[in-house]
Amino acid sequence: MPVRRGHVAPQNTFLGTIIRKFEGQNKKFIIANARVQNCAIIYCNDGFCEMTGFSRPDVMQKPCTCDFLHGPETKRHDIAQIAQALLGSEERKVEVTYYHKNGQHHTSRLLRGYKEALER
């Protein structure tokens, strides 16, 4: 029986390569499917789960804008920047205040730049 790797997408070499590359860099990340409505999350690594307090089942299939991490100190401008980055084709860096499942907040730096590769 094949081992499940914690993502809900057909096993494919491209996703596996991205996961291995970023796992080795001690990064906290998600991967989303740009071809479905809301760009649903199809993978999140252990670092992301630890940082947010949410388990993989809590995160899977949620929109990649991570609305579930927004709170009172999350600025609308930052949310708009993230939405723009998802619609655009250039790499962007955005600092945004996100909330842990327990209510504590933290600032995260987001980098988005792989959409083009996923759409090929």
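## Strand β4 and H106

H106 is found in strand β4, which spans residues 105–112; helices (H or I, at least four residues) and strands (E, at least two) are DSSP runs numbered from the N terminus. The model is predicted, so local features need pLDDT of at least 70 and side-chain atom pairs pLDDT 80 or more, while totals for chains, interfaces and linings use all residues. Residues are numbered from 1 along each chain as its sequence is written, and side-chain values use heavy atoms, with hydrogens and water left out.

The side chains of H106 and S108 are joined by a polar contact of 3.3 Å. Such a contact is a pair of N or O atoms within 3.5 Å; within protein, one must be able to donate a hydrogen and the other to accept it, and residues adjacent in sequence count only if both atoms are side-chain atoms. Not counting residues up to four places away in sequence, H106 touches M51, V96, T97, Y98, Y99 and H100, where contact means heavy atoms within 4.5 Å.

## Buried face of helix α1

L15, G16, I18, I19 and F22 of α1 are buried (under 20% relative accessible area; exposed is over 50% and partly exposed in between, with a 1.4 Å probe and protein chains only). Seen down the axis of α1, the buried residues fall within an arc of 165 degrees, so they line one face of the helix; the arc is that of the directions from the helix axis to the C-beta atoms. The face turned away from this buried side carries the exposed residues T13 and R20.

## Nonpolar cores

A nonpolar core is a set of buried Ala, Val, Leu, Ile, Met, Phe, Trp, Tyr and Cys residues joined through side-chain atoms within 4.5 Å. The largest such core has 17 residues, of which F48, V59, C66, F68 and L69 touch the most other members. At least two residues of this core come from each of β2, α2, α4 and β3, and β3 supplies the largest share, 3 residues. Another core, of 8 residues, lies apart from it and includes I19, F22, F29 and I42.

Leaving aside neighbours within four places in sequence, C66 is in contact with I30, I41, F48 and Y98.

## Aromatic pair

F29 is buried, with a relative accessible area of 10%, and Y43 is also buried, at 4%. The rings of F54 and F68 have centres 5.2 Å apart and planes at 85 degrees, so this pair is edge-to-face; rings of Phe, Tyr and Trp (its six-membered ring) pair if their centres lie within 6.5 Å, with planes under 30 degrees apart counted as stacked, over 60 as edge-to-face and the rest as tilted. Both F54 and F68 are buried.
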